[in-house]
Amino acid sequence: MSIEARLVELGIVLPKASSPAAKYANFVKVDKLLFVAGKGASEFEGQTPKGKLGQEYTTKEGYQFARLAGIEILAVLQAGFGLDSVERVVKLQGFINASPEFEEHHKVLDGCSELMFEVFGEKGSHARSVFGAVSLRDNLPVIVDSIFQLK
Amino acid sequence: MSIEARLVELGIVLPKASSPAAKYANFVKVDKLLFVAGKGASEFEGQTPKGKLGQEYTTKEGYQFARLAGIEILAVLQAGFGLDSVERVVKLQGFINASPEFEEHHKVLDGCSELMFEVFGEKGSHARSVFGAVSLRDNLPVIVDSIFQLK
Amino acid sequence: MSIEARLVELGIVLPKASSPAAKYANFVKVDKLLFVAGKGASEFEGQTPKGKLGQEYTTKEGYQFARLAGIEILAVLQAGFGLDSVERVVKLQGFINASPEFEEHHKVLDGCSELMFEVFGEKGSHARSVFGAVSLRDNLPVIVDSIFQLK
């Protein structure tokens, strides 16, 4: 089954790939490695989410934001190479806009990790790391940095 | 001398490689590059350390936690490929759970950097970076993200 | 035009490459990928800048610090391989020492991104990400982590 067919099956509609600011790129490819720009959830229930985990948002909401960040990443891949060109999800790094007391960063990033499994199956298995950022641009709650391997 | 013999000489006993949560991998290999999941000190004097540098913990204690995070990374490498397969330590990135006033992040990460030199000699020389995280999962004091080159 | 000639044209004078502490390297090269150690602005108007964005420093000052961090990175590349060996700027990751309320991390990192465009032209286009660190070593305001592709 193609990845596009899988997305339809999962009910995932990719947005238009978000544009990076003028001075940088959505991705850079070196041989088979694809380094993707950090992406956040641009829209949730009609609004851009703004706030911190452990303050304005719960872990469950953060999970949704991480999933949406993953969908933004998929949109970038689809626009650039087509999702069927992905050989492997290599690495995810999650930046969680969090309070000093927050301890569930991993449960937030699971939203992006589980999306990758749903979409890519075993190829979606990746190394990852996650940490609490004291603040993020535009007060976004979650940004995900990623590396992929292309065929 | 094999790296295993070196570990014996250094008195380092590797723990069982810690398991990642179900949805991701301890490492992903692309050609010769190995991207390893972020690892923290799982045990220190019989307990999982929890707290922030510059608050609950001193720089000297942080150095030990970074060293222990490095030992967790070595356990992952040993379980996956054997430590003699390592051609080079490429990159370490240290996430230090810290107070806003903390300024010795580099001295904390030295605990992991110096371990890599002890174990791998010149091949242990690596690029690195380090920063203060406002919080980390489970209130771990230190997590180390890493990239290795395999033979 | 060589990159060195371009630097002269831009009026950029590279400092001596800053030395890493004894235990790690300024860069590690794996095939064509160059992983560079995190670099900060070592001097601004005769002093080492110290403080946080959104507190001691404005976004405009942060932009200058990010540009200076980029110049430190260029100095490392020049000392190691010569700037004409650069095929592509692959990835920048900005650590911004920031207050919990700061929201302009991307505008700070632009200082480094725009430098790469000025110096390398289209080859300077890169993937990037940026976040707020609760604290950085020596209270530096900005550190930039980077990956380059060499010819």
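How many salt bridges does the rule find across the interface of chain C and chain B? The rule finds two salt bridges there, and the legends below place them in a predicted model.

Figure 1. Chain A is built from three helices and five strands. From one end of the sequence to the other, these elements run in the order α-β-β-α-β-α-β-β. With a radius of gyration of 15 Å, close to the 15 Å that the globule rule gives for 151 residues, chain A is as compact as a globular protein of that length. The C-alpha trace of chain A spans about 40 × 35 × 30 Å along its principal axes.

**Figure 2. Rotation axis relating chain C to chain B and to chain A.**

**Figure 3. Interface of chain C and chain B.** Chain C brings 26 residues to this contact and chain B brings 29 residues. About 2,200 Å² is buried between the two chains, and carbon and sulfur atoms give 63% of that area. Only 19% of the interface residues of chain C are also interface residues in chain B, so the copies meet through different surfaces. Across the interface of chain C and chain B there are 14 residue pairs in polar contact, both residues being at pLDDT 80 or more. At least two residues of the side of chain C that touches chain B come from each of strand 1 (27-30), strand 2 (33-40), strand 3, strand 4 and strand 5 of chain C. Strand 2 of chain C supplies the largest share of that side, five residues. Sorted by class, the side of chain C that touches chain B has 16 nonpolar, four polar and six charged residues.

**Figure 4. Close-up of a salt bridge between chain B and chain C.** Side chains of opposite charge can pair when their charged atoms come close. Here the side chain of Lys91(B) meets that of Asp145(C) in a salt bridge, at 2.8 Å from N to O.

**Figure 5. Interface of chain C and chain A.** In this contact 29 residues come from chain C and 26 residues from chain A. The area buried between chain C and chain A is about 2,200 Å², with 63% given by carbon and sulfur atoms. On the chain C side, the residues that lose the most area to chain A are Glu103(C), Arg128(C) and Phe131(C), together 21% of what that side buries. Only 17% of the interface residues of chain C are also interface residues in chain A, so the copies meet through different surfaces.

**Figure 6. Polar pairs and contributing elements between chain C and chain A.** Two salt bridges are counted between chain C and chain A. In one of them, the side chains of Lys32(C) and Asp31(A) meet at 3.3 Å, N to O. The polar contacts between chain C and chain A number 14 residue pairs, both residues at pLDDT 80 or more. Strand 3 (86-97), helix 3 (105-120), strand 4 (127-133) and strand 5 (142-150) of chain C are the elements that give two or more residues to the side of chain C that touches chain A. Strand 4 of chain C gives the most to that side, with seven residues. The side of chain C that touches chain A comprises 13 nonpolar, 10 polar and six charged residues.

**Figure 7. Salt bridge within chain B.** Over all chains, the structure holds 18 salt bridges. One is formed by the side chains of Asp110(B) and Arg128(B), at 2.9 Å from N to O. This pair links distant parts of the chain, 18 residues apart. Asp110(B) lies in helix 3 (residues 105-120) of chain B, and Arg128(B) lies in strand 4 (residues 127-133) of chain B.

Key. Residues are numbered from 1 along each chain as its sequence is written. Chains are lettered from A and ligands numbered from 1 in the order in which they are written. This is a predicted model: local features need pLDDT of at least 70, side-chain atom pairs count only at pLDDT 80 or more; totals for chains, interfaces and linings use all residues. Side-chain values use heavy atoms; hydrogens and water are left out. Copies are superposed by least squares on the C-alpha atoms of residues with pLDDT of at least 70 in both. Contact means heavy atoms within 4.5 Å. Buried area is the accessible area (1.4 Å probe) that two parts lose on being put together, summed over both. A salt bridge is a side-chain nitrogen of Lys or Arg within 4 Å of a carboxyl oxygen of Asp or Glu. A polar contact is a pair of N or O atoms within 3.5 Å; within protein, one must be able to donate a hydrogen and the other to accept it, and residues adjacent in sequence count only if both atoms are side-chain atoms. Helices (H or I, at least four residues) and strands (E, at least two) are DSSP runs, numbered from the N terminus. Ala, Val, Leu, Ile, Met, Phe, Trp, Tyr, Cys and Pro count as nonpolar, Asp, Glu, Lys and Arg as charged, and the others, Gly among them, as polar. The radius of gyration is taken over C-alpha atoms; the globule rule is 2.2 Å times the number of residues to the power 0.38.
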